[in-house]
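Hello,

Here is the structure we talked about handing over. Please look through it first, then read the notes below it.

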Amino acid sequence: MTRDRIEFVGAQRRPGDPLPTRLPQVAVVGRSNVGKSSLINALLGRKRLARVSKTPGRTREIHFYEVDERLCLVDLPGYGFASVPAEVRQRWTPLIESYLSTSPGLVGVVLLLDARRGPSQDDRGMIDQLARLGTPTLFALTKVDKLSRSERHRATRSIQETLELPGDQVVATSAVSGEGTETLWKSVVSAVEEAAS
Ligand SMILES: Nc1nc2c(ncn2[C@@H]2O[C@H](COP(=O)(O)OP(=O)(O)O)[C@@H](O)[C@H]2O)c(=O)[nH]1
Ligand SMILES: [Mg+2]
């Protein structure tokens, strides 16, 4: 896929809002501030497609980006950031859960984990939920530009061991250097192709 034709096709603001796409979807999920919007921009080679914010919890809706009329990348609000007021967080949780559990076009999820930390309770809750739903999940470590080469290997191995994942399910990425983004994109496209076959 050339990623020449990228289009923001709409948002879901409340659970049950109609989906703005009919294409197969791959959703990017993770804590607020883990780097979801930045990674979507890096995957699609655009600087300011998805809004990047220094303030956690700014994405309050689900955003849909169609690529080459073949697949749709989905930018979800982040979960579990302490500085976001509880009442706001509670409004997003049903939105995220409803999207993940009721979207027939959802073929896979990329779950982002900050390379510098272990998975949080919220991450583990999300991982369990995805396993219950049977949603194929890829794991991307984010912001690896902040780590040395040896720290990066250690972080990748540690996540694999902690979550008992096969090696090819974890990709170390950086939206700043672009590291890992082509590998991850290929996996995203494979997930869509597998779902179609
Ligand atoms: N160094 C570095 N910073 C990043 C990277 N990705 C995101 N950030 C920063 O992390 C913050 C949150 O990014 P954002 O994409 O908005 O996260 P989101 O809340 O998960 O969508 C912003 O200040 C970004 O500039 C990365 O790969 N490397
Ligand atoms: Mg965001």
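Helices (H or I, at least four residues) and strands (E, at least two) are DSSP runs, numbered from the N terminus. The structure is a predicted model, in which local features need pLDDT of at least 70 and side-chain atom pairs count only at pLDDT 80 or more, while totals for chains, interfaces and linings use all residues. Residues are numbered from 1 along each chain as its sequence is written, and chains are lettered from A and ligands numbered from 1 in the order in which they are written.

I start with Glu-164, which is found in the loop between α4 (149-163) and β7 (170-172). Its phi is positive, about 55 degrees, although Glu-164 is not a glycine. This residue comes just after α4. A residue is buried if 20 or more other C-beta atoms lie within 10 Å of its own, exposed if 12 or fewer, and partly exposed in between, with C-beta atoms placed from the backbone. Glu-164 counts as exposed because it has 6 C-beta neighbours inside 10 Å.

Glu-69 also has a positive phi, near 55 degrees, in a residue other than glycine. It lies in the loop between β3 (62-67) and β4. With 10 other C-beta atoms within 10 Å, Glu-69 is exposed.

Two helices were checked for length. The expected span of a helix is 1.5 Å times one less than its number of residues. For the 15 residues of α4 this gives 21 Å, and the end C-alpha atoms are 21 Å apart, which agrees. Helix α3 (residues 121-133) has 13 residues and should span 18 Å; its end C-alpha atoms are 18 Å apart, so the two values agree. Just after α3, Gly-134 takes a positive phi of about 70 degrees.

How many residues of strand β2 (residues 25-29) are buried? The count is 5 of the 5, so β2 is largely enclosed by the rest of the structure. In a regular strand the side chains alternate between the two faces of the sheet. In β2, Gln-25, Ala-27 and Val-29 are buried on one side, and Val-26 and Val-28 are buried on the other.

Strands pair if DSSP finds at least two bridges between them. β2 runs parallel to strand β4 (residues 71-75), joined by 4 bridges, and Gln-25 has Cys-72 as its bridge partner there. β2 also runs parallel to strand β5 (residues 106-114), with 5 bridges, and Val-29 stands opposite Leu-111 in β5.

A nonpolar core is a set of buried Ala, Val, Leu, Ile, Met, Phe, Trp, Tyr and Cys residues joined through C-beta atoms within 7 Å. The largest one has 45 residues, of which Val-26, Val-28, Val-74, Val-110 and Ala-140 touch the most other members. Its largest share, 7 residues, comes from β5.

A residue is near a molecule if its C-beta atom, placed from the backbone, lies within 6 Å of it. Around ligand 1 there are 20 residues, and Gly-35, Lys-36, Ser-37, Ser-38 and Ala-175 come nearest. Helix α1 (residues 36-44) gives the largest share of this shell, 3 residues.

Regards
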